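Take a look at the structure below.

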Amino acid sequence: MKKIFLLLFILVIVLVGVLLFNTLQFKSKQLDIEGEPSPEISETAVENFQKAIRIKTISFGDSIPLDTAQFYGFHRFLESTYPLVHEKLEREKVKDYSLLYKWHGKNPNANPIVLMAHMDVVPIEPGTESVWSVDPFEGVIENDTIWGRGTADDKMSLIAIMEAIEKLLAENFVPERTIYLSFGHDEEIGGHGAIAIAALLESRNIKADLVLDEGGIITIDKIPGITQPVALVGTSEKGYMSLQLSVELNGGHSSMPAPETAIDILINAIARLRANPFEADFSQSTKDFIQYIGPEQPFLQKMVFANQWLFKNTIVGIYEKSPGGNAMVRTTIAPTVINAGVKDNVIPTLANAVINFRILPGDTQESVKDRVVSVIADPRVKISKLSFGNDPSAVTPVDGFGFKLVETAARKTFDKVIVAPFLMVGATDSRHFGKVSDQIIKFSPMNDPIGFHGIDERISVKGFKDGIGFYQQLIKSIK
Ligand SMILES: [Zn+2]
């Protein structure tokens, strides 16, 4: 008896020792860079941003054409507002409305970088106009905040890039490397502009050492145990696929239903899918996130993150609790459309549904579809892919030029910010640039914006100014 207790005691001591050792070895990955004083940003920059919000560059949807006058108006606004950019940089229009600029750097042999943003915005959902506190296209400033559709997504990045470069040009600054600006016009509906720009760069054999597009933001108080602001720097992006499930079965009169109807078969298939979620796992970006965030956390959380060999399931369990966290650790399954039936006393012959999948790096469209077929396991359910889709992006290494440049600029701009790589669950135009660069970063340099695609979209005036500071730092930090 005594021996068993002694053995247990020793085991506990060893376990505690291992846990403590790993925790103490779990060292901060933050660059030793102090924040620098924010550059002076003129009020004109803010006024220019307001003007940009007033131009209704809306992507309505695939079937509704865009309002060409608004997009050409936006081009003219850029030309008249940023004269130095248009004098010193080359500009091409791609697919009529997307813009590609080239700023020649000092070193033509070094690989260039690409800064991206998109000029289109999503529409105001009909019926919600009155819920907005302001006119979404008036560019209102209230409470030191800029309100309106596109403030956060994504005109802030576009205007901040232009402001930063116009200012640097006024100082006769020349970047070390060539910088391309890629401004798509239809990110919200598939990014055909960005696809064409990527193809153009590819055809010119351009390999970029950084492609920086919208993505993660700077967030405060959203990460348990961390009180400093955290810059979420996207290093990969989930894939996208929609599958249509359809069932065709003799219908007939609803007075004599067969044991199973097309609707029954379809909903059972959906229920089986939902009851069998994809397995949870940490993708490389999430592993990197833990490596960067863990050491900054209070002791207990730090110990958990430092000892994944023991606590991985606990961590996954925490992630799974919220829809946002769950999306970070697995391929998600979302039924989004369902159609069947026309009349209350007729059993329909045809029932179909669309299921949207956001694919975790590691899975592919192919592997997801295969699994769906085997989970549904019913040949009466025909499964077909809707045309648009893409595999998850490659993962940008955190020790490469691209990540380090963004990390450096973030640390200099936002004092004491904790930089953390992370997995983007939404889609961006940069997903089309996989052949242009293996260092694609998804990061929007703004503090907790509100209302992406929703009501009362807005960001703080200070946040906008910091964004300009960030792009200036980034361009100046290029080696
Ligand atoms: Zn966007």
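Helix H5 covers residues 155-170. In this predicted model, its end C-alpha atoms are 22 Å apart. That agrees with expectation, because 16 residues at 1.5 Å a residue should span 22 Å. H5 has a run of buried residues, including Lys 155, Met 156, Ser 157 and Leu 158. Glu 163, Ala 164 and Ile 165 are also among the buried residues of H5. After H5 comes Asn 172, which has a positive phi, near 60 degrees.

Now for a pair of helices. How do H13 and H14 cross? H13 passes H14 in a right-handed crossing. Their axes come within 8 Å and cross at roughly 130 degrees. The two helices are therefore oblique to each other. The table lists the residues that meet.

| Helix | Range | Residues in the contact |
|---|---|---|
| H13 | residues 401-413 | Leu 405, Val 406, Thr 408, Ala 409, Ala 410, Lys 412, Thr 413 |
| H14 | residues 461-477 | Asp 466, Gly 469, Phe 470, Gln 473, Leu 474, Ser 477 |

By type, the residues of this contact between H13 and H14 divide into six nonpolar, five polar and two charged.

Last, a single residue. Phe 305 sits in helix H9, residues 299-306. Is Phe 305 buried or exposed? Phe 305 counts as buried, because it has 22 C-beta neighbours inside 10 Å, and the cut-off for buried is 20 or more. Leaving out residues up to four places away in sequence, Phe 305 touches Ile 290, Gly 294 and Gln 297. Pro 295 is ten residues from Phe 305 along the chain, and their C-alpha atoms are separated by 8.1 Å.

Notes:
Residues numbered from 1 in each chain as written. Predicted model: local features only at pLDDT ≥ 70, side-chain atom pairs only at ≥ 80, totals over all residues. Helix = DSSP H or I, 4+ residues; strand = E, 2+ residues; numbered from the N terminus. Expected span 1.5 Å × (residues − 1). Buried ≥ 20, exposed ≤ 12 C-beta atoms within 10 Å, placed from the backbone. Axes fitted to C-alpha atoms, helices over the stretch in contact; angles between N-to-C directions. Parallel < 35°, antiparallel > 145°, perpendicular 65-115°, else oblique. Left-handed = near helix turned anticlockwise from the far one by under 90°. Contact = placed C-beta atoms within 7 Å. Nonpolar A, V, L, I, M, F, W, Y, C, P; charged D, E, K, R; others polar.
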